[in-house]
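Biologist: I would like to learn how to read a model like this one. Please take me through it feature by feature.

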Number of protein chains: 2
Amino acid sequence: MTPAPGSAAQTVQPVHGTRLDPWIGAYADRTHGMRASEIRALFAVANRPEVVSLAGGMPNLAGLPLDAIAESTQRLVATRGLTALQYGSGQGDERLREQILEVMRLEGIDAHPDDVVVTTGSQQALDLVTRLFVNPGDVVVAEAPSYVGALGVFRAYQADIVHVPLDEHGLVPEALEEALTRLRAEGRPVKLLYTVPNFHNPAGVTLSLERRPRVLEIARRHGVLVVEDNPYGLLGFSGDPLPAMRSMEDDGVIYLGSFSKTFAPGYRIGWAVAPHAVREKLVLASESAILCPSNASQLSISTYLENHDWRGQIKQFREMYRERRDAMIGALSEHIPSATWTVPDGGFYTWVRLPDGLDAQAMLPRAITALVAYVSGTAFYADGQGADHMRLSFCYPTPERIREGVRRLASVVDAERELVDIFGTAVARENRIVESPEPDLA
Amino acid sequence: MTPAPGSAAQTVQPVHGTRLDPWIGAYADRTHGMRASEIRALFAVANRPEVVSLAGGMPNLAGLPLDAIAESTQRLVATRGLTALQYGSGQGDERLREQILEVMRLEGIDAHPDDVVVTTGSQQALDLVTRLFVNPGDVVVAEAPSYVGALGVFRAYQADIVHVPLDEHGLVPEALEEALTRLRAEGRPVKLLYTVPNFHNPAGVTLSLERRPRVLEIARRHGVLVVEDNPYGLLGFSGDPLPAMRSMEDDGVIYLGSFSKTFAPGYRIGWAVAPHAVREKLVLASESAILCPSNASQLSISTYLENHDWRGQIKQFREMYRERRDAMIGALSEHIPSATWTVPDGGFYTWVRLPDGLDAQAMLPRAITALVAYVSGTAFYADGQGADHMRLSFCYPTPERIREGVRRLASVVDAERELVDIFGTAVARENRIVESPEPDLA
């Protein structure tokens, strides 16, 4: 039986805004593991104007032609308002799904509009895929490190997350083979391999062309569905995009795409491309979750793709982010030579290994005090690893602010190193609150 | 172990678009119960222009001031585009949450902006609430009949749905007391009481003022959280709105609201008001599911509420829907006097009991052939009941089309009654495909 929630609350009259929860006994098992991500706890502080935030993943939208977008949105509502403001289909607007095919063709994907399911950001696509496949205790294999928002979804469905290392060429096939073989021997059901092949969040690395078919072959042989999460693929700083894994295999890959980084996140429009039978179930799951994606958002994006030089806009974004990457890497070389880092060839992030003995999580409150924010590497592991790394993002601040941020960070790192030199590693590490991974920054 | 999905598919090369599913062995348990709702199967057919659809729940948007909305959307993107097109907070835009309080004040709800969580339609709010509370096998109590989209959500989380009858005054308190007492005696954990108190979908009835505190008291005493789903509350045809259940109790009610029927569904913006601790978990669950609701949609609605006479617009909607309700009820009296129906005092639906011996599900293909569509009552029960009822909606077609639709329906009913008179009830009933509740209309 559900315990009567009022038993305490009825004698002690519950106060508005109290932290007491009369429903504490009623939550589902999956709810108990829920917690704010480290990134979320950080945002309230990192958004203060005096802080240089190298923490967030917000794209820089300053280059968008807002007046022209405003104009075409006005026309959309005036001429097609009865459609834009109405319910739509659960799978998504057909014209937009055709346009999504054009976008994906840039990475070699050949698909049919029927294969595409439009979602409320690719985050929802990931939530739905996990919902379809993962029973509590099933294994999801993810890179070490992996996208914090994906780890949150897998935890929400009570998956066991098993990490497989990556190196400068992305996920290591030999390590994947070994992990899947071991998991099979242990009798543990592996449902998904989750990977961000291009300009990895947080690691900044890209799965090499040579490794892509090898990873696919290993996954296929072990009967594991690959979830290829690709929000950054078109934001490379040199050369053409690599072919997507989905371009090499149809039936073993669910591809997740997004307009959040190549256009704008405020519409919350992403998509999944899935094998036929899976796609049908994705639509059913999405209808259960939200009925249908927003027609207003979908038609706004469709209109943008129709009326604007979206390829030129992406090119402009690439150049802007490359300049910021250069500012970040230059400043790291100049100010924190004792650290090492990846040099991303696209995307938003570099992954910085701190000098020996430093702990990114313990150091964070001191960085905030010095008015610079980053995300501790621990956010990107399901198992408490990562304190020797931090993720620095170069997407949102200007190059000037990036350099200033890295300078501030350098002073914090230098102070930490002095402490470590005097007191040894242990002191710094003991400052970490291991039980409660979100630093209390409020 | 996951069975290797390729074992069959690799020898028989999978054909694009085939119905064979190489991942059939990999789905989670919750996925196996997933199926298209009866309503969905219907939509493809019901949307043909020659069919009068009394099936759908699409609001009629013809009265919206589209040019003015287009204009203010243009200004929004031109002047606040960098916010509207960016990520927002997981809980939703603060100004919009304040405006939502103004809307809810019309039903006597006194809350704080912190209590509100903005969602992708109220459907997402229902999905998140169920996610937070329902383990597989937990009981959700719902009216008999109940909203088909809610039943789908409860099924997706593997809830056991227990129906409690309603009558012309809404949910029957004595029946609720009896059901909860019985469930407690059986040791079955009841997590939620799901109710649509105003202008019920599909039943068209309203929970009387006198019953509201009684239902709340029973739920509280049994430790059951009430989910008050209220998309239609402001669309009453006479008098002021009844006070919401949430206005009578804060800690035992999660209130779900929506702009889909009072403004426009195309933005997919709804909300939940929940007790403090539950609200925090709702935000975490929503961030996991979609990161954040669409800023573009939220600010569009906020701008509409700011710049337009939204109360006047709702009044106009009420008058339009009342006229359609009158057309529907008048036509039923004239053409199908052998049936009985509820006379809704608001909302979109009337619930029609067919003459004895007729089966709404069996009759549906013949109705479609006669170019009129409805939803069989079976869609609104978790347990196969409801074939003696159908839901007729009067929201979308014009009064003229409604009358024409009912005339067509009358001819189908008359033909069915002749069949029943000749062959008896059994024949009609045996036509039903009980195993597969969605009629194959394609």
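Biologist: At roughly what angle do the axes of helix H8 and helix H9 of chain B cross?

Modeller: Two packed helices are described by the angle between their axes and the distance between the axes. Here H8 (residues 173-185) and H9 (residues 211-221) of chain B have axes that come within 10 Å and cross at roughly 5°. That makes H8(B) roughly parallel to H9(B). Helices (H or I, at least four residues) and strands (E, at least two) are DSSP runs, numbered from the N terminus. Axes are lines fitted to C-alpha atoms, for helices over the stretch in contact, with angles from 0 to 180 degrees between N-to-C directions. Under 35 degrees counts as roughly parallel, over 145 as roughly antiparallel, 65 to 115 as roughly perpendicular, and the rest as oblique.

Before we go on, the ground rules. This is a predicted model: local features need pLDDT of at least 70, side-chain atom pairs need pLDDT 80 or more, and totals for chains, interfaces and linings use all residues. Residues are numbered from 1 along each chain as its sequence is written, chains are lettered from A and ligands numbered from 1 in the order written, and side-chain values use heavy atoms, without hydrogens and water.

Biologist: Which residues in H8(B) and H9(B) meet?

Modeller: From H8(B), they include B:Leu176, B:Leu180 and B:Arg184; from H9(B), they include B:Val215 and B:Ile218. Contact means heavy atoms within 4.5 Å.

Biologist: How much area do chain B and chain A bury between them?

Modeller: The size of an interface is often given as the accessible area lost when the parts come together. Here that is about 8300 Å², 60% of it on carbon and sulfur atoms (1.4 Å probe, summed over both parts). Each side is counted too: 104 residues from chain B and 104 residues from chain A.

Biologist: Which peptide bond of chain A is cis?

Modeller: Most peptide bonds are trans. The bond from A:Ala144 to A:Pro145 is cis, with omega near 0°. A:Pro145 sits in the loop between strand E3 (139-144) and helix H7 (148-156) of chain A.

Conventions: Buried area is the accessible area (1.4 Å probe) that two parts lose on being put together, summed over both.
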